[in-house]
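This report describes selected local features of one structure. Please look over the sequence and the model before reading on.

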Amino acid sequence: MASETSQTLDRGLRVLRVLAGSPEGLTITELSARLEVNRTVVYRLISTLEQHGLVRRDARSRLFVGLGVLHLASGVQPLLRDLAMPVLRRLAESIGSTAHLTVADGDEALALAVVEPTWTDFHVSYRVGARHPVTQGAAGKAIGLLDGEDAAYAVTIGELQSGARGLAAPVRGVDGLRASVGIVTLDEAIDEDVVAPQVIAAAREVAERLS
């Protein structure tokens, strides 16, 4: 005999699963079609999930998984940081620049882990928890590359902090996670031939650790 289940809970979990697999986001109508559930039912589910931070809308009313999903399990964010930190530490020490793991939270990019080099006289201070528009900065633009842009990494100059230069690569292949690994420096120029391969390799290693 089949065990009893909650249809509402099942639908809510299906909403999160579908959104996690839709990095470009979905509208209510699109989500309703994917789930084959009435729009009114989906709207109620989304409203409830939004209240708990599990779903987030952007300015175009497209729906995304919210970082509240991470908060459900108190060990998830520390786990992401713990797995990424050794990689970021090697990257920071090798290049002599501040290294970071940044994740997308709707329209914002959130610095989840940051490591500053120990041997440099000057470096950029970048705090954990810092947020900025996901369309700005190398970290945010690298996350945007997950949407299919034909580039391995992103480079920006002075977009978030005057004089600062950033280079970041997307973390690919981790279901439900939109993230990038990058460095930020005050150097007048970034030697992409030297820095980019190391950042790309670090992003790949983080992905392997999180998979």
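Glu36 counts as exposed because its relative accessibility is 74%; exposed means over 50% relative accessible area, buried under 20% and partly exposed in between, with a 1.4 Å probe and protein chains only. Glu36 sits in the loop between α2 and α3 (39–51), and its phi is near 55 degrees, a positive value in a residue other than glycine. Most residues other than glycine have a negative phi.

Ser61 also has a positive phi, near 65 degrees. Ser61 belongs to the loop between β1 (55–57) and β2 (63–65) and is partly exposed, at 39% relative accessible area. Helices (H or I, at least four residues) and strands (E, at least two) are DSSP runs numbered from the N terminus.

## Basis of the model

The model is predicted: local features need pLDDT of at least 70, side-chain atom pairs count only at pLDDT 80 or more, and totals for chains, interfaces and linings use all residues. Residues are numbered from 1 along each chain as its sequence is written, and side-chain values use heavy atoms, leaving out hydrogens and water.

## Helix α7

The buried residues of α7 are Val195, Ala196, Val199, Ala202, Ala203, Val206, Ala207 and Leu210. They lie on the same side of α7 because they cover an arc of only 140 degrees around the axis, taken from the directions from the helix axis to the C-beta atoms. Asp193 and Glu208, on the other side of α7, are exposed.
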